[in-house]
Amino acid sequence: MFRSGFVSVIGRPNVGKSTLINTLLGRKALIVSDKPQTTRNRIQAVYTGDNFQIVFLDTPGIHKPKHLLGDFMLKSALDALKEVDLILFMVEATSSPGPGDKYIAELLHSVDTPKFLVVNKVDLIADAVEDRLLPLYSRLGEFKQVFTISALEEKNVQQLLEAIYTLLPEGPCYYPPGTVIDRPQEFLAAETIREKILLQTREEIPHSVAVEIEKMQLREAKPKKCDRENRPLSQQMSQDGKVPGDVLPPLLVIEAIVYVEKDSQKKIIIGKKGGMLKEIGTEARLELEKIFGNPVFLDLWIKVKKDWRQKEHNLRQFGYE
Ligand code: GDP
Ligand code: MG
């Protein structure tokens, strides 16, 4: 029997939703940072096994929106509660339930989909704290099962996965095996660049950044005409007649624009003598090479688009619609 279904992961910003999905998938499909509101869209991440397929819905953390982008993010998260087979309500063990957790718990009351409570980051606390906190969280709603996990250190994640599997109905393969996320490669590239910016910046900058991919193209590597010793091509050939340049994998050329909201933010991202931008570019390039399996040439431009988070047409331009 083939089992399949949709599983929404919801919770406050920063509790570790994207980290958990990456751990469950056994690969990095989603960006993660220490900044709240890293995830902006509802993204489907697909885990296909021999006899099952689980489609995880990663969601922006549920929080009170302060701008149009926030409205979009909240709506994406709430939409993910509908028509799924299971909801993972994620909280973190480092504090007692707060107003944010209680707000989400209330939203969940009216949803009859089965729910698991997932208490994350237990690696950061002592057992005694866990024993004290668990009843406080469990009381927030009706949960079919409760798990205490560490998404980062992979503690109890396998048990969670087995419990999810057990609950799945018989169903089709929704996505072709091999699918990781339901987004084009440009999205993955833009998110990777945005993640590197989030990891390097603070305060309002992470929230003011949008990344747009202008061009993404494989360029066949040209065989080199001559090498460093200036030998002609014929002398560089190996015995099977291959020229060294022939075996170079094609270069993936990515041109991206990083949008911020103010001139001051542009200056910060560029950094002293361009140092910050260079570092962001290098980190992004290395990760993009791992993701796509080609050498990458990354061209990053910074532009100011005043108050884009408040403007509907800008949100649409950046894919937040
Ligand atoms: P999201 O906003 O809920 O998607 O949270 P992220 O997955 O982006 O993670 C937020 C931060 O929490 C990142 O810095 C993660 O590395 C960290 N984090 C996630 N899971 C764990 C965990 O199990 N233990 C610890 N110590 N940190 C975690
Ligand atoms: Mg996230």
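A93 is buried, with a relative accessible area of 1%; buried means under 20% relative accessible area, exposed over 50%, and partly exposed in between, with a 1.4 Å probe and protein chains only. I start there and work outwards.

First, the ground rules. This is a predicted model, in which local features need pLDDT of at least 70, side-chain atom pairs count only at pLDDT 80 or more, and totals for chains, interfaces and linings use all residues. Residues are numbered from 1 along each chain as its sequence is written, chains are lettered from A and ligands numbered from 1 in the order in which they are written, and side-chain values use heavy atoms, with hydrogens and water left out.

Back to A93. This residue sits in the loop between β4 and α3, the latter being residues 99-109. Helices (H or I, at least four residues) and strands (E, at least two) are DSSP runs, numbered from the N terminus. Leaving out residues up to four places away in sequence, A93 touches V119, N120, K121, V122, I125, V129 and L133; contact means heavy atoms within 4.5 Å. From A93 to P176 there are 83 residues in sequence and 36 Å in space, C-alpha to C-alpha.

Next, E92, which belongs to strand β4, residues 86-92. Is E92 buried or exposed? E92 counts as buried because its relative accessibility is 12%. Its contacts, apart from neighbours within four places in sequence, are R12, N14, V15, V119, N120, K121 and Y137.

One of those, N14, lies in the loop between β1 and α1. N14 has a relative accessibility of 31%, so this residue counts as partly exposed. Its phi is positive, near 80 degrees, and the residue is not a glycine. Most residues other than glycine have a negative phi. N156 is another such case, with phi near 65 degrees. N156 is placed in the loop between β6 (145-148) and α5, and counts as partly exposed because its relative accessibility is 25%.

Now helix α1. Nine of its nine residues are buried, among them K17, T19 and L24. What do the buried residues of α1 pack against? They pack against β1 (3-11), β2 (43-48), β3 (52-58), β4 and α5 (157-167). After α1 comes G26, with a positive phi near 75 degrees.

Helix α1, residues 17-25, also gives the most to the lining of the largest pocket, with five residues. That lining has 30 residues, of which G16, K17, T19, V32 and S33 lie nearest the centre of the pocket. The space in the largest pocket is about 480 Å³. On a 1 Å grid over the protein atoms alone, a pocket is an open set of points where a 1.4 Å probe fits, with protein on both sides within 12 Å along at least five of seven lines; lining residues have an atom within 4 Å of a point.

Last, the whole chain. The protein has eleven helices and nine strands, and its C-alpha trace spans about 75 × 55 × 40 Å along the principal axes. Of its 321 residues, 50% count as buried. Among contacts between residues at least 6 apart in sequence, 76% join residues at least 24 apart.

Conventions:
Points joined across faces, edges and corners; volume = space filled by probe spheres on them.
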